[in-house]
Amino acid sequence: MKLYLAQHGEACAKDIDPERPLTEQGREDIERLAGFLGRAGIEVERVIHSGKLRAAQTADLLAAAVAPLVELETNDCINPNDDPRAFDWEQATGGQDTLVVGHLPFMARLVSLLVIGDPDRPMTAYRPGSVVCLERDSGEHWQISWMIQPHLLGQV
């Protein structure tokens, strides 16, 4: 099983737009990331996001490439300051390859929790629009398979 844990793309500042939609750069980064994931053959059976506009927009763009027929789901346990221990990933994923789109610090803390069992020991350097692929081995341990940040994909 694989978990693709993505931070939403760059969002507008709260003082510019309280809903915090993706900026033009954020949208471009996520479209580039979606294209990359699609060309890499990534496919998921579930797509979950926090329900916040920036995460929903990111999930929509990514799902078009990796899960075009999948209905997006929201989960109210993956907000920025939520405790990752409260996110029941087993129930949320149903054992299927899943894309989860959320926020910092939650996403980084979830990676640390799943890989080393300690959400307070940082392991990843997320930037807006980054995705970490975790893979679960037969012994039910999670490992970081790869991580990509939008700036590594160049410009469109």
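Ala 64 lies in helix α2 (residues 53-66); helices (H or I, at least four residues) and strands (E, at least two) are DSSP runs, numbered from the N terminus. The structure is a predicted model, in which local features require pLDDT of at least 70 and side-chain atom pairs count only at pLDDT 80 or more, whereas totals for chains, interfaces and linings use all residues. Residues are numbered from 1 along each chain as its sequence is written, and side-chain values use heavy atoms, with hydrogens and water left out.

With a relative accessibility of 58%, Ala 64 is classed as exposed; the classes are buried (under 20% relative accessible area), exposed (over 50%) and partly exposed (in between), for a 1.4 Å probe and protein chains only. The C-alpha atoms of Ala 64 and Gln 25 are 18 Å apart in space, and the two residues are 39 apart in sequence.

Helix α4 (residues 106-116) is largely enclosed by the rest of the structure, because nine of its eleven residues are buried. These are Phe 106, Met 107, Ala 108, Arg 109, Leu 110, Val 111, Ser 112, Leu 113 and Leu 114. The buried residues of α4 pack against helix α3 (89-93) and against β1 (2-7), β4 (98-102), β5 (131-136) and β6 (142-148), contact being defined by heavy atoms within 4.5 Å. Just after α4, Gly 117 adopts a positive phi of about 80°.

Among the cysteines, Cys 133 is buried at 0% relative accessibility, while Cys 77 is partly exposed, at 25% relative accessible area. Zero disulfides (pairs of cysteine sulfur atoms within 2.5 Å) were found in a search of the whole structure.
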